[in-house]
Amino acid sequence: MLFTPGQHEPLVDDPWDEGHVQDAIARIAADAVAAQQADGFWPLHPDDVDAQGTIVRTGLYLGAAGLLWGLHQLGHDLTDTAERLYEGYLAEPDWPGVVPGLLMGEAGILLAVHQLAPRPYVPAALERAVRANAGNPTNELLWGAPGGLLAARSMLTATGESRWADAWLESADVLWSRGAPADAHGAHLWTQDMYGRINRYVGSGHGFAGNVLALSLDEAGLLGPERRAELERRAVATATALALRDGPLANWPPLAGEPLVHNGVVRMQWCHGAPGMVSSLAGLAQDDEAFGELLVAGCELTWTAGPLAKGAGLCHGTAGNGCAFLALFERLGDERWLDRARRFAMHALAQAEAGRARHGHGRHSLWTGDLGVALYAQSCIEGRPGVPSLHWF
């Protein structure tokens, strides 16, 4: 099968209700504001502590930077916390030493600080982090050059300064040069050197789709028309070659050349599987009908499988899966996909509410917790595509 039924649950039978959604968003935001501790951080949810007991409290993915940025998007001003966040990170980084990554390190923290509490030192520090990312061997969004591309893009859009175009091009050139020639199946992939392992990931979280997204979000046209056309050609060829089809449905394996089942289950989430593939690639090859049909097949599987039982969040939850529907709505203009995105939003909000009732508190993070759900739900009100802190920052 293209998905593991036990990983999903039936969709709640609640029609879209914008007033209810707005109230739920407001409750999540108010809960997050109230939960902030005296030290400026938030309590870590037990589901966000790994087997080694690692505590990640500052960055975009799990930490304070993501919460500050997300709450700012929803109209809450936590400038005082932002003013001291970066200095605190340098004094006590989340990992052994300061890392420059977007979702897991310095670049994301600096971006959040710049938006909430701009300081003269921030642009120079952020530029250093972006350029340092270019040399990271991970070749993926969380730690390496693709995240640097997104950070440089954000600053170029905000400032128009040429140094951000230069930094973007430096990372793009490095990432482009590391792409492997087509394999026997016609797939163009990158190799990930990460966590002590060498892999070729396919999806958005660590692999091909996330890298293509970072290169393709290029409103300034820095990649140039020839490389842009080649990027789209490679993306279509790779997604088509690696897709596993069953009639009108499609999914993608986490690792190239390996089975769809990984560690006993089929991944169907933003970081691995069809939802992330669609949300990352839907902006490409707009006139390619066959590719469009493949993306529809990925979304049809996402809808058929139903919401993820493991949680509501962006990275591996119902909200992240729903982002695929918003991406397809932008590509096709078919209201059916906006309707499905909104149904998933109703379910994700219900999951977040149930989680707060079960634990006695919310799950305070951007990518795994309630705030990401709130931002996704807000996107469904607006019909706005994109994954928060990737497509829009």
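Me: How are α6 and α8 oriented to each other, parallel or antiparallel?

Reply: Orientation is judged from the angle between axes, which are lines fitted to C-alpha atoms, for helices over the stretch in contact, with angles running from 0 to 180 degrees between N-to-C directions. Angles under 35 degrees count as roughly parallel, over 145 as roughly antiparallel, 65 to 115 as roughly perpendicular, and the rest as oblique. Helices themselves are DSSP runs (H or I, at least four residues), as strands are (E, at least two), numbered from the N terminus. In this predicted model, local features need pLDDT of at least 70 and side-chain atom pairs count only at pLDDT 80 or more, while totals for chains, interfaces and linings use all residues. Residues are numbered from 1 along each chain as its sequence is written, and side-chain values use heavy atoms, with hydrogens and water left out. Here the axes of helix α6 (residues 145–159) and helix α8 (residues 208–216) come within 9 Å and cross at roughly 30 degrees. The two helices, α6 and α8, are therefore roughly parallel to each other.

Me: What is the handedness of the crossing of α6 and α8, and which residues make the contact?

Reply: A crossing is left-handed if the near helix is turned anticlockwise from the far one by less than a right angle, and right-handed if clockwise. For α6 and α8 the crossing is left-handed. Contact means heavy atoms within 4.5 Å. On the α6 side it is made by Pro 146, Leu 149 and Leu 150, and on the α8 side by Asn 211, Ala 214 and Leu 215. The residues of this contact of α6 with α8 comprise 5 nonpolar, 1 polar and no charged. In that division, Ala, Val, Leu, Ile, Met, Phe, Trp, Tyr, Cys and Pro count as nonpolar, Asp, Glu, Lys and Arg as charged, and the others, Gly among them, as polar.

Me: At what angle do the axes of α3 and α4 cross?

Reply: The axes of helix α3 (residues 79–91) and helix α4 (residues 106–116) cross at roughly 155 degrees and come within 9 Å. That makes α3 roughly antiparallel to α4. Their crossing is left-handed. From α3, Thr 79, Ala 82, Leu 85, Tyr 86, Tyr 89 and Leu 90 meet Glu 106, Ile 109, Leu 110, Val 113 and Leu 116 in α4. The residues of the contact of α3 with α4 are 9 nonpolar, 1 polar and 1 charged.

Me: How many salt bridges does the count come to?

Reply: Side chains of opposite charge can pair when their charged atoms come close. A salt bridge is a side-chain nitrogen of Lys or Arg within 4 Å of a carboxyl oxygen of Asp or Glu. By this rule the count comes to 20 salt bridges. One of them joins the side chains of Glu 92 and Arg 57 (3.2 Å, N to O). Glu 92 lies in the loop between α3 and α4 and Arg 57 in the loop between α1 (18–35) and α2 (64–73), so the pair ties together parts that are 35 residues apart in sequence.

Me: Where do Arg 131 and Glu 170 lie?

Reply: The side chains of Arg 131 and Glu 170 meet in a salt bridge (2.3 Å, N to O). Arg 131 is in helix α5 (residues 122–133) and Glu 170 in helix α7 (residues 162–178), so the pair ties together parts that are 39 residues apart in sequence. Another salt bridge links the side chains of Arg 227 and Asp 173 (2.9 Å, N to O). Arg 227 belongs to helix α9 (residues 225–242) and Asp 173 to helix α7, so this pair ties together parts that are 54 residues apart in sequence. Salt bridges that share partners also join Glu 127, Arg 131, Glu 161, Arg 163 and Glu 170 into one network.
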